[in-house]
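Open the model in your viewer and keep the sequence panel beside it.

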Amino acid sequence: METLNMKFPPTVHSRKVLTTFIWLLLLNLSLHQGNGLPYMTSDVQKVSGKSFDYIIVGGGTVGCPLATTLSEKFTVLLVERGGTPYDDPLVIEKKKYGFSLIQTDEFSSVAQSFISKDGVSNLRGRVLGGSSAINGGFYSRASEDFVKKAGWDDELVNEAYRWVESRVVFTPQLTPWQTVAKFGFLEAGIQPYNGFSLEHIEGTKVGGTVFDERGKRHTSADLLEAGNPKNIMVLLNTTVKNIIIDTNRKGNETRVRGIRFIKSDGSSSSPQILLLSGIGPHEHLKKFNISVNVGLEGVGDGMQDNPSISVLADTMPAKRQPYAPSLWA
């Protein structure tokens, strides 16, 4: 196991370690524009001896924009358990969508299969860009009620939406079966028809897509291009095991000093890292004989999965009218 902190080599000094259980970052629109991707490596020696203001664990749909925003004023190490999406055609090419979901293994595949506590088969991203690198590419904004319940500022949320959408969201060209599905929803009474819209609205609509007109997927990793490349380093294929926490001699101040990690086995998640580090609900931690460093309710709770559901389209049914696909879910 390798350690990144102030006491054990290799050393990374960190004032704060942020984990990607945070749902949404309200982004600053004055970020650097089009500077290209930051330096990426799987070699810890490239990180050894360097100092960072922030260490972000998880390079997914929160970690990437978070690193980008912080890089305007701070130095950032972004740690990702998977590799880069840019050299994998199963991720980037639309015509090969779906293959990454069936070509999975225990440690290295970009999609990691798992079973939820409810027994539902599912997949999650194990690659820079997170699950935005393996999902169906559909994009839509959250509902106004969701934003209101979260207590977020409407104006900042809309600015964040526009910032993301300007870089990774496109207007789709519907395939024949998608067009049939659209008419099927309307015939079933899901009204009104809203046309193309990114808003979360009642009825039937055509949402955004992360696939551009050339059939290339854009993931949250692309948002790193808007950051300051001089202030971001990405450490790939690295699984964080726990956070290093120091308490002063008086015992009245606890500070995060770094992280411990190993070569990726792809098994852990951000809430799990917090819990293993003693940050979470008292009763839950005591159940697993984990010493409580910070009693924090809600860590690991409220996580929701989107079940892995396949939709098959028969474009040439034997006993039906041509160009009228039938759908199964």
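The tour starts with confidence and then visits local features.

This is a predicted model, with local features taken at pLDDT of at least 70, side-chain atom pairs at pLDDT 80 or more, and totals for chains, interfaces and linings from all residues. Numbering runs from 1 along each chain as its sequence is written, and side-chain values use heavy atoms, without hydrogens and water.

Colour by pLDDT (the predictor's confidence in each residue, from 0 to 100). The protein averages 82, and 79% of the residues score at least 70. Select residues 5–33: pLDDT is below 50 here, yet the stretch has 105 contacts beyond near neighbours in sequence. A contact means heavy atoms within 4.5 Å. Next, select 323–329, where pLDDT also stays under 50.

Now show Glu144, Asp145, Asp153, Asp154 and Glu155, which form a negative surface patch. Helix 4 (144–150) and helix 5 (154–168) each supply at least two of its residues. Glu144 lies in helix 4.

Go to glutamine 191 and proline 192. A cis peptide bond joins them, with omega about 0 degrees. Proline 192 sits in the loop between helix 6 (176–187) and strand 9 (193–196).

Finish at asparagine 237. Its phi is positive, near 55 degrees, in a residue other than glycine. Asparagine 237 lies in the loop between strand 12 (232–235) and strand 13 (238–247).

Key:
Patches are made of residues with over 30% relative accessible area and no salt bridge: like charges are joined within 9 Å, nonpolar side chains (Val, Leu, Ile, Met, Phe, Trp, Tyr) within 5 Å. Accessible areas come from the Shrake-Rupley method with a 1.4 Å probe; for residues, only the protein chains shown count as cover. A salt bridge is a side-chain nitrogen of Lys or Arg within 4 Å of a carboxyl oxygen of Asp or Glu. Lys and Arg count as positive and Asp and Glu as negative; His and the chain ends are not counted. The place of a charge is taken as NZ of Lys, CZ of Arg, CG of Asp or CD of Glu. Helices (H or I, at least four residues) and strands (E, at least two) are DSSP runs, numbered from the N terminus.
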